[in-house]
Amino acid sequence: MKYNRLYILSFIFVFCCPVVFAQTLKEQVRVITLFDEDWAFNPGDVQGAEKTGFDQTKWRKLNVPHDWSIEGAYDKTNLTARGGGYLPSGIGWYRKTFNLDESFSKKKVTIEFDGIMANSEVWINGFYLGKRPFGYISFSYDLSKYLNFGKGKINTIAVKADNTVQPASRYYTGAGIYRHVRLVATDAVHIADWGVYITTPDATAQKAAVKVKTEVLNESGQSAQVTIETSVLDPAGKIVKTVQSKQTIAAGKNGSVDQELLVTNPKLWNLESPDLYQTLTKITLNGRVIDDQLNTFGIRAFKFDASTGFWLNGKNFKLKGACLHHDGGAVGAAVPLSVWKFRLGRLKEVGVNAIRTAHNPVAPEFLDLCDQMGFLVMDETFDTWNSAKNNGEKGYNRFFTEWWERDTRDMVMRDRNHPSIIIYSVGNEIHDDLNSPEGFKKYKDQQDLIHQLDPGRPVTMALFRPANSKVYTNGFAETMDVVGQNYRENELVALHNQKPNLKVTGTENTHVIQQYLALRDNPFMAGQFLWTGFDYLGEADWPQITNGQGLFDRIGSWKQQSLQRQSWWSDKPVVHIVRKEDNAGAGAWINNWTPTDFDTYDDAKVAVYSNCEEVELFLNGKSLGSKAKPADDSPRLWDVTFEKGSIKAVGKNKGKVVLSEELKTAGPPAKIVLSVDKSKIKNSWEDVAFVTAKIYDVNGNLCPNADQLIKFSISGSGVIDAVDNGNIASHEMYKATQRHAYQGVCMANIKGNATGNVEVKATADGLEGASIKLEVNK
């Protein structure tokens, strides 16, 4: 089931309704077909929708990935409640019809889903294929013996997604076929699902041993003597080494072969240069290639050390991590890749170099992006085992006993070739009794399974209140490859000081300085993962519908904690000014010089976040003094009598100015200014342009208190896919063409629907409007 998005061997789809495979297979080998287009959708349960003769003509036509929950309205009475963010839940049906050429009858045909939320059931031509409760897992079904082949023969795939039982999660899940779907045709003798496993246990700049284990299934009726050929391709796509092995596989059995290829002077995968290699695996039978597959990997060596923390390719540094839930804000759970690219880019600006997938398997393309952008990953399985959690009492705890092994196996086998992944986590703040033989066994069973499937990576879990659970005194911590703990850093430091042979890392941490210092000042602390990288849907009490603990809000706007964290984690000079929002030190820290009430605001408490050796502060050109960098990296503080105008901080290193930031008092809102993150997008579901609308005064200063309703319109080859702002209490619809500004800003997500030009306009009552142009390419 592993495939490479940059190397699809063959496309033979002709998109129409029903879908027709118009060509014969002839010399084609493995055929991977994107199966996202032309589905029919119905919200709510329907009797008989799995049957072939069911009338779907009145159903909505759409493409997947699709999250129907994010299209709904916020309502305090929705059963998802606090955890699911008060958005709708229930049943959704999907159907798709297609034809297959007669030549496909000689192939094994499989459908692959990257994720269906949740409790999915799938039928092909009325035949029941199975159920998968866990909405985050990738899975497949063999369709072969139920299919119709030949001209005029119709096949119908039906999918029921059911998240009726609530509350099913402590955070937003989405609903429906919210990740990609593929149809795969192979020979009866073929590479097993996720059957190529690549490791680089010995990797240096001089040479690397690339070890490849390949599993081949023989689902034919007779024994097969096959040749397994593996080639290593360098980052430029050039074959640098090839090896062959022969294997005889009995009918109905599987066989595996271990191969080793030596690569000289490899380009090591690292954060600065995330160079990626590939293996091309070919299976030959009777002189004919019957299967082939490309898999991406990176050549690197890493380790966790009890005394010095984390090492990559012989370099010791801290894991500066952030936790991310799987939603993308306004797009819900069906997240285009460009949304993640935008978000990961923001996190990289802060200095983040690692991601914890909180608290479930992510979409495979998210891990591809981490590989390509140079992020390290803690890959996590579950938020609960058997014990329930508040606001998610009817979640995975209902299925853990029956499904944990299969779900863990599928995640690890799918993900194990990603160079970005350096550790697995098997649970987050688990409430099961870890001071009991049963608790020990549950953890050990999961750890042992992962070690069996992927021996090269350690396993941890995010421990919860270890003093209460006794895991630091009952021997549980000693069973962990790396001890991970959420918050209470002083306890983790004390544990290591008592037991210095333990490897330790923070798995969930807040933004305060004490937790930052616990990482900075203890060489043995491998890293920490901030809660969270971005604000996320759910886990908030009405009227709030979004958890606001992120470094960035839903649309990527900077916040107090991201400005401060950049001063701690960035390698570049940083200077940011913040002030207390309300008079005399009350309220939150904010990054503007425009109070909401000029009459009552005169005692401004000002802080400057900076990694510069010296910072001088100016008010309307007058110096308020210079301050050196504190030993604990805390912000530099000033008491300032507020004056309209300008406040400016100047950062110096070795006496020379390296950076400055200036904030100005804004006048009344006068105009809208549009900007876009890129001027060209592809006509692809994965690509989105983010058009940001900001409200300015006549002098070009952002008006941070402006909240006008901004109306977007579009002409040309594009659509407004969603709108949003950073307000965690806004109940406005995401699938709309208007949005109130929040702190003077809102955003529209633009997608292409054909090649050509696009013009986006924004208007608001009493403001000068604006427009911006984009180009949509193939």
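## Helix H10 and its neighbours

The buried residues of helix H10 pack against strand S23 (319-324), H2, helix H9 (513-520), strand S30 (527-530), S33 and strand S35 (603-610). Here buried means under 20% relative accessible area with a 1.4 Å probe and protein chains only, and contact means heavy atoms within 4.5 Å. Helices (H or I, at least four residues) and strands (E, at least two) are DSSP runs, numbered from the N terminus.

Nine of the 10 residues in H10 are buried, among them Arg565, Trp568 and Trp569.

## About the model

This is a predicted model, where local features need pLDDT of at least 70, side-chain atom pairs count only at pLDDT 80 or more, and totals for chains, interfaces and linings use all residues. Residues are numbered from 1 along each chain as its sequence is written, and side-chain values use heavy atoms, leaving out hydrogens and water.

## Nonpolar cores

A nonpolar core is a set of buried Ala, Val, Leu, Ile, Met, Phe, Trp, Tyr and Cys residues joined through side-chain atoms within 4.5 Å. The largest one has 142 residues, of which Trp39, Phe310, Leu344, Met461 and Val483 touch the most other members. Leaving aside neighbours within four places in sequence, Val483 is in contact with residues including Leu463, Tyr472, Leu492 and Val504.

A second, separate core has 27 residues, including Ala689, Val691, Cys703 and Val723.

Definitions and conventions. Buried means under 20% relative accessible area, exposed over 50%, partly exposed in between (1.4 Å probe, protein chains only).
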